[in-house]
Amino acid sequence: MTSFLVSLAVLVGGYFVYGAVVERVTGINPQRAVPADTMRDGIDYVPLPVWRVFLIQFLNIAGLGPIFGAIMGIMFGPAAFLWIVLGTIFAGAVHDFVSAMMSLRAGGASLPELVGRELGSGIKQLMRVFSLVLLVLVGAVFVLTPAGLIASMTPQALGTGFWIGAIFLYYVLATLLPVDKVIARIYPVFGFALLFMAVGLLGVLLFGGADIPADWSGGLSSRYAGGSKPVFPMMFVSIACGAISGFHATQSPMMARCLRNERLARPVFYGAMVAEGLVALIWAAAAITFTGGYDGLQSYMADHSGGAGALVHDISISWLGAAGGILAILGVVAAPITTGDTALRSARLIAADFLHVDQRPVSRRLMVSLPIFAATAGVMMIDFNVLWRYFAWSNQTLAVFTLWAASAWLYRRGRAYVLTMLPAMFMTVVCVSYILYAPSPEGFGLGRTMAAACALAVTAAVTAAFARMVRGERSLYSEIDEV
């Protein structure tokens, strides 16, 4: 219990202390005009109340990552608690916040345009393709997952196929309609369900006599049987959305187009990531508490074909009762749906940005979106386990590009770029190590020592290349292009 309480306290404290530091470094200016006012179009650039923007951002980035990812990730042992807390404060929240600030200062530009502006046109083209592929993967994954969950709770006549069609139709509407017509209206309902779930489970953990078996006796080693999944680098990819996720930076520009003032950026972007970290902590603790520990959790998962959905259902119903459990499960179902819809909407915005297509006429939105819908439908035909495996890797790789671009953005403005450069270096080591160490066909199957050594060498080379690229370039940028 002590580990859990300390983790909660540090994570909340990180928002107020380190979040304020990051805000000061980026140079928040409440007097600066924001894209929601200067570029208002009634479709994507729409000023919204801060509580709506926060809930949309929170639900956009949450998905099933801080729930399913945390349940699977806690099998790495107490190291998972450390990664959720420290990863959120020093990497994930910084990543989300700075990418949002970059977009706010660039007229709400999408992620590939922002990264390309800082790292060059070649990287811009790569990011356009990479981001669209990732967002299509997210859209496909977050149609299949909630469809299966809903089908398990509804009459047999309404099978998975029916719910796939219903969810996909909703995604089409959420992608095409103005942001304040669908997304901004239904997210508060889903947000309440998800927050109720988290608060309810936290209440049981704190006041229900629960004993959270963190078990530090094995140190920071993995608790997977036989060490089949070592903490490094596997944990840092498995637990993504609850610590740092590249997908989030594709969502930040969408909400940057709706923010009414720069001073609201930290509560929305840094705050939403901290809220997600709290959800991940709660579910990680609930999983080992409910099953009695790491061995119990591993046995439970083996008995249920490795799926976390059954555990989510059992914990919710057992701890929160029938009514509370149903509401909690609604939150779990809503989380992926409210990520999938905005993933496809972000894909439309990215495509529209690089194609320079005006999005005010619905016909233009439809023209840009149809290929995205077709690609998503096609990807859904691929085996889910294959989809998720490549999503996890590509997700963290996207974070690497974003953090290096953010470092260049801060450096060129004479600000403390170390805030993003250190997590950029760390995540570069993680991603390269993972690709080299993971078994085929996902990776190259090298030994862990060799993979780590190669990753360090690659990171050193990337850091040197970054230094050469930005050296002496501060004078090329000024605050004039950000007014």
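Asp358 is partly exposed, with a relative accessible area of 31% (buried means under 20%, exposed over 50% and partly exposed in between, using a 1.4 Å probe and protein chains only). The model is predicted, so local features need pLDDT of at least 70 and side-chain atom pairs count only at pLDDT 80 or more, whereas totals for chains, interfaces and linings use all residues. Residues are numbered from 1 along each chain as its sequence is written, and side-chain values use heavy atoms, with hydrogens and water left out.

The partner of Asp358 is Arg360, and their salt bridge has its closest N and O atoms 3.2 Å apart (a side-chain nitrogen of Lys or Arg within 4 Å of a carboxyl oxygen of Asp or Glu). Arg360 itself is exposed, at 52% relative accessible area. Salt bridges with shared partners also join Arg32, Arg105 and Glu262 into one network. Across the whole structure, the search finds eleven salt bridges.

Two further pairs deserve a look. One of them joins Arg266 to Glu23, with the closest N and O atoms 3.4 Å apart. This pair links distant parts of the chain: Arg266 belongs to helix α12 (residues 265-291) and Glu23 to helix α1 (residues 2-26), 243 residues apart (helices are DSSP runs of H or I, at least four residues, numbered from the N terminus). Both Arg266 and Glu23 are buried. In the other pair, the side chains of Arg412 and Glu118 meet in a salt bridge at 2.9 Å, N to O. Arg412 sits in the loop between α16 (384-411) and α17 (418-437) and Glu118 in helix α6 (residues 111-119), so this contact ties together parts that are 294 residues apart in sequence. Arg412 counts as buried at 4% relative accessibility, and Glu118 is buried as well, with a relative accessible area of 1%.

Attention now turns to a pocket. The second largest pocket has a volume of about 260 Å³ (the space filled by probe spheres set on the pocket's grid points; on a 1 Å grid, a pocket is an open set of points for a 1.4 Å probe with protein on both sides within 12 Å along at least five of seven lines, and lining residues have an atom within 4 Å of a point). Its lining comprises 15 residues, of which Leu119, Val400, Phe401, Trp404 and Val462 lie nearest the centre. Helices α16, α17 and α18 (448-470) each supply at least two lining residues, and α18 gives the most, with five.
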